[in-house]
Amino acid sequence: MPAYSSDAERLIEVGHLAEVQGRSLWADARTRFVRNKAAMAGLFLLFVVAAFALFGQFIAQYERDTIDFTLIGANMRQGVPSIETGHYFGTDASGRDLFARVVQGTQISLMVGIIGALVAVIVGTLYGAIAGYAGGRTDDIMMRIVDVLMSIPFMFVLILMLVIFGRSIFMLFLGIGLISWLDMARIARGQTLTIKNKEFVEVAHATGVAPFKIILKHIVPNLLGIVIVYATLLVPNMIIFESFISFLGLGVQEPNTSLGALISEGASNMAYGVLWQLYFPLIFFVLTIFAFFFVGDGLRDALDPKDR
Amino acid sequence: MTFTRRHLMASTAALMVLSGTTAIAQSEVPADANLAADQTFTYRVGDESPSIDPGKVEDVDGSDVVRDLFEGLYNQDADGNLVPGVALDHTVSDDGLTYTFNLREDAMWSNGEPVTAGDFVYAWKRAASPELASPYSWFIELMSIENASAVIAGEMEPDALGVTAIDDTTLEVKLSTPLPYFPQMLTHGTTFPVLQSNVEEFGDAWTQPGNMVSNGAYVLTELVPGERTVRERNEMYWDNENTTIERVVKLVVPDENVALTRYLAGELDRTDVPAGQFPRLSEEYPEQAISVPEACSYYYMFNLRENGPEELKDERVRNALSLAVDRDIIVDAVLAGGQKPAYYFSHWATAGFEEPEIAAASMTQEERNARAVELLEEAGYGSDNPLTIDLVYNTNESHKSVAIAVSQMWKQTLGVETTLSNQEWQTFLDARGSGDFDVARGGWCADYNEASTFLDLMQSGSGYNDSKYVNEEVDQLLADAKTSETPNEQYTQVEQIIAEEMPIIPIYHYAAVDMLSDQIENWPVNNFEQNWYSKDLYKIESE
Amino acid sequence: MLSFILKRLAIAVPTLLILVVLSFVLMYAAPGGPFNSDRPLPPQVLANIEAKYGLDQPFWKQIVDYVTNVVFHFDFGPSFQYEDRTVNDVIAQGFPVTLTYGFWSFVLAVVVGVSLGVAAAIRQNSWLDYLAVGVSIGAQVLPNFVMAPILLLIFTLWLGWLPGGGWNGGQWQYLIMPVIALSTSYMASIARITRSSMLEVLNSNFIRTARAKGLPGGRVIRKHALKPAMLPVISYLGPAFVGMITGSVIIDIFFSTGGIGVYFVNSAFNRDYSVIMGITILVGALTILFNLAVDVIYAWIDPKIRY
């Protein structure tokens, strides 16, 4: 599974610089982002994929779970992608319309990616902000715990969790999110340390505002920028993660599907003359991940005040 | 990917009676056969076997290995009939309780020691002992050997087991009840001999290559768990000169599609055909793709427990759901591997079983669908009051395909909403055993080649009756069948009651679908229990 | 530095304990047990088996016994699923396999990834750069469960050059496809990280100064730029290592290599408690050691860090 640590390291650094240099940086960043061609292309792709996921079902000629029983065994010859039959992407191994299923798979994959990232962001930000704001021993202990958790092979734990609590989309969101909040916590803590000595925080503290309120009202909003950047980088990792889980057969329940599940099914039928079952979902998978990579990289570079 | 293991079918057949004559071993290689220079047989399995210790072996793949390494009292020929193994013949006492086996004198262990009756005594006591805690110790109990239950329960010492060595070549077995198919059970791995001095010398490590001493046609020469198991000709075997295959390699290939690729690349001589691929393969490789009946039935069970779903307590609903399942589509299109549609539970090819007449079997699918709609309406379900069902199955590509197809048949024909729930094996067993389902997948493989092995599941007291179906008439009929001269009459009646009350939906009867290299000859395609012996095979040059 | 290492090793102990307890609890919460099967075992047989494996003991005693055996005897107990073997056997047989192809994948990923990244950075915006970036992004997103069957079709079925699986003691023919399938996406990640950090370093003031002084390009890169540019790559090695261990599941499934990856998944499904525990502890310990090694190397390269 691709990088997050190095991204995390860099974001911690970037965050410090951003805070030191003040607000104008964010304005600069926007200009820089807009000028970044790859990032803009990524953004455009992202809109296309999102539109496909949201509105694709209106173009589809069939329901995602309806089986055409006349096609089921004759897939290789009659289930081919075709405009005439209305199966734009052909049919899957069970004789269902692949277009409708890719639409739905894209929805689920995006959802897993985004909600997984959201869980990581919420847990990680709060945890990091609390540790950073509290400082001292509390901070020490909390970050030690993060260090400890970092050495746990979470993929294995997630497999165990899915086995135990049964597969459900909720478990997937939770499990995938919980795997990746650790880096988020480190980033948030680093940022908090810088912010907490700012005047407005000290004023709030002096006027007797409760610490937790300070964290929510003053610290977290100031973390948002960097958190969003990290979240964008996290989404594709979550999607890749989900595909692995689907491959192991622990993904979402039929008739729901995800890009990972579709690809895994397509890959196992790869030698049997139904290659479209692999490449259509794969194209959307690759496009989605490309898009997030480009946008995430672009955002991070845009925030990085170092001239390059 | 599949993670389920096929479970073992004990080989017993009530209706076969051993002649007691010493037929000479089979496997004659024709004189004009163009034998290949390299007599290596390589085949694929999906998972490493839990054990290849005869006392503990519990799965089909493990048993295939054990049958090559060890030899029990009897073997099976290509048609599943008994032929002499270590025993030449036996006599039965008039009360049917005492079996006396006459063992051959030339049987030897791979270290040159003779195989004696004492080796069997040791092996059987070991298999039953709580100390070994074999998951297959119940097999000794199933064989009705005297005191078996008490030994397994730890209430008696293993020495109390009703098996004695009269002398080196005479083995006496005492049963607690007469069991006409007792000799047929002796081809099963649990009854194979092991060498006491060998097991005691190495302890748990005795099954490692180099340590293991065996008495079969082959010896274990290499075992890399999760990768390969190699067995090679045993020079000490009494019928060594009639063994043709020199070396048998079992490769663990978890993914069946990968296995097929490797088969086509010539790395394997035998592999399973992935679901749905049989038509294409049999067209391209007519000599190699084979499909033969396999002694298992596939069905969906309803949860009929007190606290189960109310809707399913209505016979009409159950019948409607069964009628709406288009079995022809499932066997011809979804699985497409020579399986047969099932309207009754027992496998059609079971020995001595006559097909019962079931009304639904002779209808067309249109008629069945129309009747299903009628029944469901009568029961009060329709578009204003749709029926919803949870269907539980275990993780496996073909179970998934069948469940998807059935749920759509119910939806398209009856407007029933089905929630599919795919659970991995252990979770699934737990849910099914505790009644946490509406409809669940079931598959049952015969323990022996007779219809009661299937139908006993419908007994209200059966531990395997996960539907919790209770019908006293069925119980009575099944009890009667045990002592009946013509048990088939009772079986037919039971099947008809099941077809009316529909506690389960029979869907199809299994077929074993394999790719087998056209160089391998003498494969026992007519052995309903799929018991094969490498020593009976031979390999010819490819053309 | 030494005290830092010792401190980290001291944390490793509670970490592993947490891991043991967590996995133990998770496993026991799971429905089903190691000895369930299609046909339920007679209660007496089941009782014999449970007594043999100590499963009839109270939960706390099982944990204590387990930890005692592991700590004092380095004995992970018998496998519940593979009755002829102990967990130590399973690991002793599977781990060297995983380690071998893992090691070569790691080496390949780092060597090729770094070279590709550096080359792309030096020739920024050339065709080489675009090619490297394009290929590496493509390789990064292609799931290895797609890559593996593609390799099999090409090299085993069509070309017939390589055996389609197995291990055979780790002969090179059997290593090639597993190593390619496992390393590609990490190779790609490393190439991307190297490229971007190399670009950053090349544009920094001290390199510009060095160049302005007329030092030859190759020397500047080798002597001055490479070391600082490696820092992000090094911090990526930790997650890459964990990812490769996870990826070994796929390698073992597709190439029948018999490593420990396949055991982890199978034993989770079969509720083979002792094997899951053994492998989880092994992987946990390795991760800790590896992360420590990465941190030490990082500190050694980065002059800013002092422990």
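Visitor: How many helices and how many strands does chain A have?

Guide: Chain A has 13 helices and 0 strands. Helices are DSSP runs of H or I with at least four residues, strands are E runs of at least two, and both are numbered from the N terminus. This is a predicted model, where local features need pLDDT of at least 70 and side-chain atom pairs count only at pLDDT 80 or more, while totals for chains, interfaces and linings use all residues. Residues are numbered from 1 along each chain as its sequence is written, and chains are lettered from A in the order in which they are written.

Visitor: What share of chain A is buried?

Guide: Of its 308 residues, 58% are buried, which means that 20 or more other C-beta atoms, placed from the backbone, lie within 10 Å of a residue's own.

Visitor: How many residues does each chain bring to the contact of chain A with chain C?

Guide: Chain A gives 37 residues and chain C gives 43; two residues are in contact if their C-beta atoms, placed from the backbone, lie within 7 Å. On the chain A side, α7(A) supplies the largest share, 7 residues. That side has 25 nonpolar, 5 polar and 7 charged residues. Nonpolar covers Ala, Val, Leu, Ile, Met, Phe, Trp, Tyr, Cys and Pro, charged covers Asp, Glu, Lys and Arg, and the others, Gly among them, are polar.

Visitor: Why is the crossing of α4(C) and α7(C) called right-handed?

Guide: The crossing is right-handed because the near helix is turned clockwise from the far one by less than a right angle. The axes, lines fitted to C-alpha atoms over the stretch in contact, come within 6 Å and cross at roughly 35°.

Conventions
A residue is buried if 20 or more other C-beta atoms lie within 10 Å of its own, exposed if 12 or fewer, and partly exposed in between; C-beta atoms are placed from the backbone. Axes are lines fitted to C-alpha atoms, for helices over the stretch in contact, and angles run from 0 to 180 degrees between N-to-C directions.
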